[in-house]
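Dear colleague,

After it come my notes on what was found.

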Amino acid sequence: MSAECQWAYVDYTASAGSGDGHTWVVSIQCDNGGICTEYVECEEGGQEGYIHDVYLDGTDVGDVCVPDNAVQEVDLAKLILREFKRIAWPSSELVVQPRGGRTLVNFETNFFTPDHRSIDQSVTVAGQSVVIRAVPVSYTYYFGDDTSTTSASPGSPHPDLEITHQYERTGDVVVRVDTTYAGEYRIGQGEWTAIGETLTVEGADQELEVVEALPQLVLE
């Protein structure tokens, strides 16, 4: 069976690789339903292929004719994206200065994480050896007083203050840092390819007491 498509393959690849913030996925169409044994054939520019549904942010927006020699590559990329989301990437350790779970009101409390390196995971996808890399690209610090900040920097230890916060009142707060990872992969010893989506890993809650520094009278 052959069919016509609303999308040209070159247009789909341009949109999917544009980095426009949307999630683009293709899924091969099945002609017989159930367990797929018959695919819908197509032809574009004199090249034979198979019809795929195009999904934009989870919504079917049309069909595209994927050339026969690109079918495995397209579907493998989809499986790698799923694997990237499935892997339990680690959260980042939060360090607060001053240490000891206590800081002062109206004081520049420093926040940073030492976890800023990329992480590689070797997996097997559709019989292929694949390395998936998670690269930290941003950190969101939650200060526990209904404020937060997002930065591409993991922050720095004292005295190189980058991520700081002043608390306006005393009390107990719960702080954390969430890490957003971008992904890339390579098949075998091939070139690295961007996955095109990010994921965010929530950090562990950490209690912090905000106190007031009271003057003390010293008798000599």
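Are cysteine 42 and cysteine 65 buried or exposed? Cysteine 42 is buried, and cysteine 65 is buried as well, where buried means under 20% relative accessible area, exposed means over 50%, and partly exposed covers what is in between (1.4 Å probe, protein chains only).

Before going further, please note that this is a predicted model, in which local features need pLDDT of at least 70 and side-chain atom pairs count only at pLDDT 80 or more, while totals for chains, interfaces and linings use all residues. Residues are numbered from 1 along each chain as its sequence is written, and side-chain values use heavy atoms, with hydrogens and water left out.

The disulfide

The structure holds 1 disulfide, a term that stands for a pair of cysteine sulfur atoms within 2.5 Å. It is formed by cysteine 42 and cysteine 65, whose sulfur atoms are 2.0 Å apart. The torsion about their S-S bond is about 90°, so the disulfide is right-handed. Cysteine 42 belongs to strand β3 (residues 41–44) and cysteine 65 to strand β5 (residues 59–67), so the pair ties together parts that are 23 residues apart in sequence. Strands (E, at least two residues) and helices (H or I, at least four) are DSSP runs, numbered from the N terminus.

The nonpolar cores

In soluble globular proteins, nonpolar side chains tend to be buried together. A nonpolar core is taken here as a set of buried Ala, Val, Leu, Ile, Met, Phe, Trp, Tyr and Cys residues joined through side-chain atoms within 4.5 Å. The largest such core has 16 residues, and of these Ile80, Phe84, Trp89, Val130, Ile132 and Ile195 touch the most other members. Two or more residues each come from α2 (71–86), β9 (119–125), β10 (128–142), β13 (171–187) and β14 (193–201), and α2 gives the most, with 4 residues. If residues up to four places away in sequence are not counted, isoleucine 195 touches Ile80, Leu81, Phe84, Ile132, Gly183, Glu184 and Tyr185, contact meaning heavy atoms within 4.5 Å. Another core, of 14 residues, lies apart from the largest one, and among its members are Leu94, Phe111, Val177 and Val210.

Aromatic rings

A search of the whole structure finds 3 aromatic pairs. Rings of Phe, Tyr and Trp (its six-membered ring) pair if their centres lie within 6.5 Å, and planes under 30 degrees apart count as stacked, over 60 as edge-to-face and the rest as tilted. Phenylalanine 84 and tryptophan 89 have ring centres 6.0 Å apart and planes at 55°, so this pair is tilted. The rings of tryptophan 89 and tyrosine 181 have their centres 6.4 Å apart and their planes at 40°, so this pair is tilted too. Tryptophan 89 lies in the loop between α2 and β6 (95–97), and tyrosine 181 in strand β13, so the pair ties together parts that are 92 residues apart in sequence. Phe84, Trp89 and Tyr181 form one aromatic cluster, and their relative accessibilities are 0% for phenylalanine 84, 5% for tryptophan 89 and 3% for tyrosine 181, each of which counts as buried.

Charged side chains

The structure holds 6 salt bridges, each being a side-chain nitrogen of Lys or Arg within 4 Å of a carboxyl oxygen of Asp or Glu. One of them joins arginine 86 and glutamate 83, with the closest N and O atoms 2.5 Å apart; both residues lie in helix α2, 3 residues apart, about one turn of the helix. Arginine 86 counts as exposed at 57% relative accessibility, whereas glutamate 83 counts as buried at 16%.

Arginine 102 forms a salt bridge with glutamate 209, the closest N and O atoms being 3.3 Å apart. This pair links distant parts of the chain, with arginine 102 in strand β7 (residues 102–104) and glutamate 209 in strand β15 (residues 206–211), 107 residues apart.

Arginine 133 forms a salt bridge with aspartate 120, at 2.7 Å between the closest N and O atoms, and Asp120, Arg133 and Glu184 are linked in a network of salt bridges. Arginine 133 also lies over the face of tryptophan 192, at 4.0 Å from the ring centre, a charge being over a ring if NZ of Lys or CZ of Arg is within 6 Å of the ring centre and within 35 degrees of the ring normal.

With kind regards
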